[in-house]
Amino acid sequence: RMRKLTGIILLLIIAAGIALALSEIPFGIPKTKIGDHFTSKGVEETGAVNIVTSVVLNYRGFDTLGEITVLFTAAIGLGAVLSTFRKRGNSDIPEPASLIVYTGCRFLFPVIMLTGIYIFIHGHLTPGGGFQGGAIIASAFLLMYLGCKGKRIDYKISTVTEVVGGLIFVGIGITGLILGKDFLFNFMDKGEPNTLLSAGIIPVIYIAVGLKVGSELAGIIDNLMEKSE
């Protein structure tokens, strides 16, 4: 009985706290004008018709650098953990994939790769971007590992791609600082909105982010698949 009474009291306290917090929220009344500024001035200031893109890679670009750093750190941490396990020999013959998965690997791999590239190249025009396109590219390698047994990514190419993507991102950000503005300041020509060659540095950054994220996630999948065999 004492436990039930204590539980009821705690629930009442929590409910009262939630009700008090909700009563202080001005529903329907914007507390700042930041959102209005993004929607009204975003295209003019960044050249990107995708407002989410302009926020992620312009207004809060330094936060995006932190997100990429977190992903990079996670990839390094996973590689360090998996390296402590003893690798199996190559004497085991991998189990062949089913006909459907094998056929999908051969025909869908290039389609998935092109889809991922299209998404991060057009991130400033349509929903999507570097993270989404990179994740799709990594899923293509996952299909390759499942359907085309024995195939692996080239670690040298993957590492170089990952490093180049990161350097491009940081280099463009530092260039903006050198020009006397902010990190990831959009110093390139913004072009004509709704065209591929528009939004200044945003398409270049999304290409760099897509290559980096795709390489990192593909490397993680490769490490996990190798240890599971």
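1. Let me start in the middle of the fold. The largest nonpolar core has 17 residues, and Leu-57, Phe-169, Leu-184, Ile-202, Ile-205 and Val-209 have the most contacts inside it. A nonpolar core here is a set of buried Ala, Val, Leu, Ile, Met, Phe, Trp, Tyr and Cys residues joined through side-chain atoms within 4.5 Å. Buried means under 20% relative accessible area, exposed over 50%, and partly exposed in between, with a 1.4 Å probe and protein chains only. Two or more residues of this core come from each of helix 3, helix 4 (61-82), helix 7 (155-178) and helix 8 (202-228), and helix 8 gives the largest share, 5 residues. Another core, of 15 residues, lies apart from it and includes Phe-141, Ile-153, Ile-221 and Met-225.

2. A word on the basis for all this. This is a predicted model, in which local features need pLDDT of at least 70 and side-chain atom pairs count only at pLDDT 80 or more, while totals for chains, interfaces and linings use all residues. Residues are numbered from 1 along each chain as its sequence is written, and side-chain values use heavy atoms, with hydrogens and water left out.

3. Leu-184 deserves a look of its own. This residue is found in the loop between helix 7 and helix 8, where helices (H or I, at least four residues) are DSSP runs numbered from the N terminus. Leu-184 counts as buried because its relative accessibility is 1%. Leaving aside neighbours within four places in sequence, Leu-184 is in contact (heavy atoms within 4.5 Å) with Leu-57, Asn-58, Gly-61, Phe-169, Ile-172, Gly-173, Ile-201 and Ile-205. Leu-184 is not a glycine, yet has a positive phi of about 65°.

4. At 61% relative accessibility, however, Asn-194 counts as exposed.

5. Now to a helix pair. Helix 2 (residues 34-46) and helix 3 (residues 51-59) pack at about 70°, with axes 10 Å apart; the axes are lines fitted to C-alpha atoms over the stretch in contact, and angles run from 0 to 180 degrees between N-to-C directions. The two helices are therefore roughly perpendicular, a label for angles of 65 to 115 degrees. Among the residues that meet are His-37, Phe-38 and Lys-41 in helix 2, and Ile-51, Ser-54 and Tyr-59 in helix 3.

How values were computed. Parallel < 35°, antiparallel > 145°, perpendicular 65-115°, else oblique.
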